[in-house]
Amino acid sequence: MSEQNKIRIGIIGGGNIGGVHAKEFTALANECEVIAITDVNLAVANDKARQYSIPHVAESAEALIQRDDIDAVAIGVPNQYHTDLVLLALEAGKHVLIEKPMAIHAEAARQIVKASQKSDRIVMVSHQMRWESVPMQIKQQIDRGELGRIYTAKTGWFRRKGIPGWGTWFTQMNQSGGGPLIDIGVHMLDLALYLMGNQKPVSVYGATYAEFGPVRKGIGTWGTPNWNGIYDVEDLATALIKMEDGSTLSLEVSWAVHMDTDNSPFIHLMGSEGGASYQGAKGKLLTEKFDTPIETNLIKPDHDEGERARMSRHFLACIREGKQPITSVWSGFTNNLVLDAIYESSRTGNEVKLNWELD
């Protein structure tokens, strides 16, 4: 691809996720060019710019978005800022790669969906677990009909001692939108719905618990605690999600729990003709032939390029070809609807029907 035809990228957020975007897009130098980066802490942005040879550091997200030499932005900032930045980028005619969750709650997600409908730009949500090699192998078998109808599934992610950045934006509801449910649970919700065939969720019954965080237990190693901050989110969530076609999904996640766990995400799919299980970097296909149970092991290839690389290439391909990404605004909206419903069900003790209306 010629220099003239390369997609020009701007990165908003210079933290861990911003660094991931910088690493992946600079590695795709034959397809794109990272033009600029910014962060509220410009020293952090300058460090990333030096590390990845990014030529420009913008003084703000707004300044980066308004640059004429940028076609698309990758946004990796705290959840509360997602919607405003996506809307600003779309208004400026930029394509958008936004980190999960797409928005802090469903109402904000509605705004993104409506704005995207009025735009000819691509908006893609960074749900990289769809791009991991074992789930991709499972999806291939599902598409071939090997599992038949998937009528129920169970998914989750239990961290035994993993509360991140106690007292920071991670543990404050008005900045993050929730605890492990919206942080890591959204990954498993998104992957399960995808593998189940993107069935439409219609109702949710859920409960959330905060047994560790409020008493400063279960603290993990990720992030720097702010002991002057607050913790007002859950540390465990559980839910049963019903689909329009009658299938069901059980979701369980935690940042902290007294339980024997290897801290790996998992999913179990139960179909009429076969099943599939995924945990960590391994998976299994399970079926029966001539009254004999059969299991086929699935593993990550030795020289796997990585889920973030595949995801980044997909984003670029969608821009070039004008096609919708597999993690479009509708997948982000669906996830936000379900997450909100779980929190509401926990507050009220009742089953919650999902409201799919945009207005």
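This report describes selected local features of a predicted model.

## Basis of the description

The structure is a predicted model, in which local features need pLDDT of at least 70 and side-chain atom pairs count only at pLDDT 80 or more, while totals for chains, interfaces and linings use all residues. Residues are numbered from 1 along each chain as its sequence is written, and side-chain values use heavy atoms, with hydrogens and water left out.

Helices (H or I, at least four residues) and strands (E, at least two) are DSSP runs, numbered from the N terminus. A residue is called buried under 20% relative accessible area, exposed over 50%, and partly exposed in between (1.4 Å probe, protein chains only).

## The parallel sheet

Six strands form an open sheet in the order E3-E2-E1-E4-E5-E6, with parallel pairing; two strands pair if DSSP finds at least two bridges between them. At the edges are strand E3 (56-57) and strand E6 (123-126), each of which pairs on one side only.

Within this order, strand E4 (residues 72-75) and strand E5 (residues 95-99) run parallel and are joined by four bridges. Val-73 has Val-96 in E5 as its bridge partner.

## Helix H8

Helix H8 covers residues 180-195 and has 16 residues. From its first C-alpha to its last it reaches 21 Å, close to the 22 Å expected at 1.5 Å a residue; the expected span is 1.5 Å times one less than the number of residues. Of the 16 residues of H8, 16 are buried.

The helix has a kink of about 45 degrees, centred on Val-186. The bend at a residue is the angle between axes fitted to the seven residues ending there and the seven starting there. Just after H8 comes Gly-197, with a positive phi of about 95 degrees.

## Salt bridges

Side chains of opposite charge can pair when their charged atoms come close. A salt bridge is counted when a side-chain nitrogen of Lys or Arg is within 4 Å of a carboxyl oxygen of Asp or Glu, and by this rule there are 19 salt bridges. One of them links Asp-47 and Arg-50, at 2.4 Å from N to O. Both residues lie in helix H2 (residues 42-52), three residues apart, about one turn of the helix. Asp-47 is partly exposed because its relative accessible area is 42%, whereas Arg-50, at 58% relative accessibility, counts as exposed.

Another salt bridge joins Asp-120 to Arg-121, with the closest N and O atoms 3.0 Å apart. Asp-120 has 61% relative accessibility and therefore counts as exposed; Arg-121, at 24%, counts as partly exposed. In the salt bridge between Glu-305 and Arg-313, the closest N and O atoms are 2.2 Å apart. Glu-305 is partly exposed, with a relative accessible area of 44%, and Arg-313 counts as partly exposed at 30% relative accessibility. Elsewhere, salt bridges that share partners join Lys-242, Glu-351 and Lys-353 into one network.

## Aromatic pairs

Rings of Phe, Tyr and Trp (its six-membered ring) pair if their centres lie within 6.5 Å; planes under 30 degrees apart count as stacked, over 60 as edge-to-face and the rest as tilted. The whole structure contains eight aromatic pairs. Among them, Phe-158 and Phe-266 are stacked, because their ring centres are 6.2 Å apart and their planes are at 20 degrees. Phe-158 lies in strand E7 (residues 150-158) and Phe-266 in strand E11, so the pair ties together parts that are 108 residues apart in sequence. Phe-158 is buried, with a relative accessible area of 9%, and Phe-266 is buried, also with 9%.

A stacked pair is also formed by Trp-166 and Tyr-231, at 6.4 Å centre to centre and 20 degrees between the planes. Trp-166 lies in the loop between E7 and helix H7 (173-176), and Tyr-231 in the loop between strand E8 (201-209) and strand E9 (236-243), so this pair ties together parts that are 65 residues apart in sequence. Both Trp-166 and Tyr-231 are buried. Together with Trp-227, Trp-166 and Tyr-231 form one aromatic cluster.

Ser-264 lies in the loop between strand E10 (248-254) and strand E11 (265-271). Because its relative accessibility is 17%, Ser-264 counts as buried. Leaving aside neighbours within four places in sequence, Ser-264 is in contact (heavy atoms within 4.5 Å) with Gly-156, Trp-157, Gln-279 and Gly-280.
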